[in-house]
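Trainee: I would like to learn how to read aromatic rings in a model. Please take the features one at a time.

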Amino acid sequence: MNILELTAVELGRKIKKREIGVMEATEAALAQIKALEKELNCYVTVDEEGARRQAAKVQDKIDSGMLTGPLAGVPMAVKDNICLAGLPTTCSSQILKNFVPSYTAEAVKNLIQAGAVILGKTNMDEFAMGSTTETSAFGETKNPWNPAHVPGGSSGGSCAAVASGECFYALGSDTGGSIRQPSSFCGVTGIKPTYGTVSRYGLVAYGSSLDQIGPVARNVADCAAILEVIASYDKKDSTSIRREDCDFTSALAEDVRGMRIGIPRDYLGEGLDEEVKTAVLAAAKELADKGAIVEEFDLSLVEYAIPAYYVIASAEASSNLSRFDGVKYGYRSQSYEGLHSMYKKSRSEGFGAEVKRRIMLGSFVLSSGYYDAYYLKALRTKALIKQAFDKAFAQYDVILGPAAPSTAPRLGESLKDPLKMYLGDIYTIAVNLAGLPAMSVPCGRDSKGLPIGLQLIGDCFKEKSIIRAGYAYESGRRYGLPELARKTAEQEVR
């Protein structure tokens, strides 16, 4: 088997057994990047020399017995809104084009200590605002299964890189589905952990009460191993939670007998593509055949999730992005007269259209005349949505549904109709509003050959439940590289 077809844990095992060298794995991933980047545009920055230096250091530590973890020596990538000292962190925006942080995000530090080899920073929707990775200032990323289609977003670069073999796993961030939706579109597995499980220190904020860093990988076992490494209490993040149950790999059991799984009827109605519905219900039947108790139920307030989310996220974005003003760091306009002119011109020239739209919406809902009518009402709705989930989890261990209402749309389709793009997040947004853990697992492909994702949602701090269900479902399955990536990998071997 070609190195690039191995999962992260499989590669780590082979590195430990001295069957594959860390440098060999790194060079294989770098060669795949070189071969596919013109076509796919998964990366904003590729750090070839840094990756080679790190590979040599990690190999020495493995040889001396200092590194023994399952991910030691495995090459990976980091979404470009997560800081890494010495490498540009642009958030795929002109306004941060030349920003190089002096510190490293806590989640990335944890991975480096575990022996990660970082290949570079992946492309994304600008400031994580978008569902297609088309709002990037550095060009859109394309779906490895069909480059005429989007990879999803905002973590589209991370998901496309994993799917195409340009890295073995990656970090993404999820504010309203930004890990799970592109994982669904690209045929990979992604987990959004319970809010507070992974430190947000070093993550450039979009919606602070909703953002979470999480893993993207080939399968559930990889994601569980990565989450085990990046989950930690961090006093530098005021929302970080001290947890004693972060042994997520202990949930990798194929037994789901007696597990109660609920499917919201609200998720199977109007707007859901028939092929997606068929694949999701087939996955539910498979879990039922393995002994799970599967039934449909009514989850209220689903229709209010999108308006509540976009009010809250835009309000927080408006506040968080006010720091990018051309004064201390980032882009500054070359022609201005006076301080206010510099602010206006720097922000007008530095931010893209989607970011401006959300800043304006956020500023509007926070203004004195509309704060009560919109923002406070959205916060009350958020609390009601959490109550609806609490009621559901009193009956069920896991909630099952689609990760997205359709497979990946063609490039350019979503940007023509922003409202339609927002509605595409209908199954993922409520999870962030309630702070819950959720995972997308591949569950088939449509008639065009595009991947379909199954979403598994757990109660707060119950990642092990969704890992157990996801692992049982994918048992015996192997998700190969898309044809485009497989052909390139085979040519490299020859």
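Mentor: Begin with a charge over a ring: the charged end of arginine 477 sits over the ring of tyrosine 473, 4.1 Å from its centre. The term requires NZ of Lys or CZ of Arg within 6 Å of the ring centre and within 35 degrees of the ring normal. Likewise, lysine 236 has its charged end over the ring of tyrosine 201, 4.9 Å from the centre. This is a predicted model, in which local features need pLDDT of at least 70, side-chain atom pairs count only at pLDDT 80 or more, and totals for chains, interfaces and linings use all residues. Residues are numbered from 1 along each chain as its sequence is written, and side-chain values use heavy atoms, with hydrogens and water left out.

Trainee: How is a pair of aromatic rings described?

Mentor: By the distance of the centres and the angle of the planes. Rings of Phe, Tyr and Trp (its six-membered ring) pair if their centres lie within 6.5 Å; planes under 30 degrees apart are stacked, over 60 edge-to-face, and the rest tilted. A search of the whole structure finds 14 aromatic pairs. In one of them, phenylalanine 127 and phenylalanine 351 are edge-to-face, 5.8 Å centre to centre with 70 degrees between the planes.

Trainee: Why is tyrosine 370 called partly exposed?

Mentor: Because its relative accessible area is 37%.

Conventions
Buried means under 20% relative accessible area, exposed over 50%, partly exposed in between (1.4 Å probe, protein chains only).
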